[in-house]
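Subject: Model for your files, with notes

Dear colleague,

Please find the structure below, followed by notes on what was found in it.

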Amino acid sequence: MVPSPARPPVPPHGTRVSVRGGRCAGGRWADAAAEGRSRRPDPLSGALLLLSALVAVSAHVWTFHAWWLPLIAVAVGVLLFAIGYGTKAGGRLQRLALGTGRRLGLLIAAGWLIAAATVTTPWVPLERVELRGGETLRGYVMQAEPGFLKLLTEQHRELRILTDQEVTSRKEISGH
């Protein structure tokens, strides 16, 4: 087996690279440019990414009544755009804004994972369950099967299994 020649080091950002033998010293983007391919991502992948982000934000807003989330997302996007294109070309602030924009998806995914790991409220709505005899419970319905209901109580986090005969009504408590 013949060993492949070592690739030359990648030059700093903004440095011109030379094409030698169909290869560029600048890495994968330079390889794509040398082969005549575009450096721009496929528009379809961008549209799918935007659609998936809109679905995720809509689901979050609908579930948690977080109407402020889209407003903050638009404000951050406008701020990054203004900094990225309204400052001196190649300046430190512009590089920071463009780098943040490129990594925004990873930052959002990391934020959602951190929130999922640290949120102590179950991801189901809080409900008021009225029982025969006048007792009222507040809790999270974990499972509702024919014949019984599994309820995690709000205050003591006890799992109670109630039969359908015990439950007279259920009502979701919004804005808890």
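A pocket, as used here, comes from a 1 Å grid over the protein atoms alone: it is an open set of points where a 1.4 Å probe fits, with protein on both sides within 12 Å along at least five of seven lines, and its lining residues have an atom within 4 Å of a point. By that definition the largest pocket is lined by 32 residues, and Ala 53, Ala 73, Leu 104, Gly 105 and Ile 108 lie nearest its centre. Helix H2 (43–64), helix H3 (68–86), helix H4 (92–102) and helix H5 (104–118) are the elements that give two or more residues to this lining. H3 supplies the largest share, twelve residues. The space in the pocket is about 1,200 Å³, a volume being the space filled by probe spheres set on the grid points, which are joined across faces, edges and corners. In composition, the lining has 23 nonpolar residues, eight polar and one charged. Here Ala, Val, Leu, Ile, Met, Phe, Trp, Tyr, Cys and Pro count as nonpolar, Asp, Glu, Lys and Arg as charged, and the others, Gly among them, as polar.

This is a predicted model, in which local features need pLDDT of at least 70 and side-chain atom pairs count only at pLDDT 80 or more, while totals for chains, interfaces and linings use all residues. Residues are numbered from 1 along each chain as its sequence is written, and side-chain values use heavy atoms, with hydrogens and water left out.

On confidence: the mean pLDDT (the predictor's confidence in each residue, from 0 to 100) is 78, and 74% of the residues reach 70 or more. Over residues 19–26 pLDDT stays under 50, and the model has 21 contacts (heavy atoms within 4.5 Å) for them beyond four places in sequence. Where pLDDT is low, the predicted coordinates should not be read in detail.

Overall, the protein has five helices and seven strands, taken as DSSP runs numbered from the N terminus (helices H or I, at least four residues; strands E, at least two). Their order from the N terminus is β-β-α-α-α-α-α-β-β-β-β-β. Of the 176 residues, 17% are buried, meaning under 20% relative accessible area with a 1.4 Å probe and protein chains only.

Next, the strands, where two count as paired if DSSP finds at least two bridges between them. S3 (residues 126–131) runs antiparallel to S4 (residues 136–145), with five bridges. Across this pair, Glu 130 stands opposite Thr 136, and Val 129 has Leu 137 as its bridge partner. Four residues separate S3 and S4 in a hairpin, and Gly 133 in the turn has a positive phi of about 95°. S3 is also joined by five bridges to S7 (residues 167–172), again antiparallel, with Leu 131 opposite Val 167. S4 in turn is antiparallel to S5 (residues 148–153), through six bridges; Tyr 140 is partnered there by Leu 152. The hairpin of S4 and S5 has two residues between the strands, and Gly 147 takes a positive phi near 105°.

Leaving out residues up to four places away in sequence, Gln 94 touches Ile 83, Gly 84, Thr 87, Lys 88 and Ala 89. Its C-alpha atom is separated by 9.3 Å from that of Ala 82, twelve residues apart along the chain.

Regards

Key. Buried means under 20% relative accessible area, exposed over 50%, partly exposed in between (1.4 Å probe, protein chains only).
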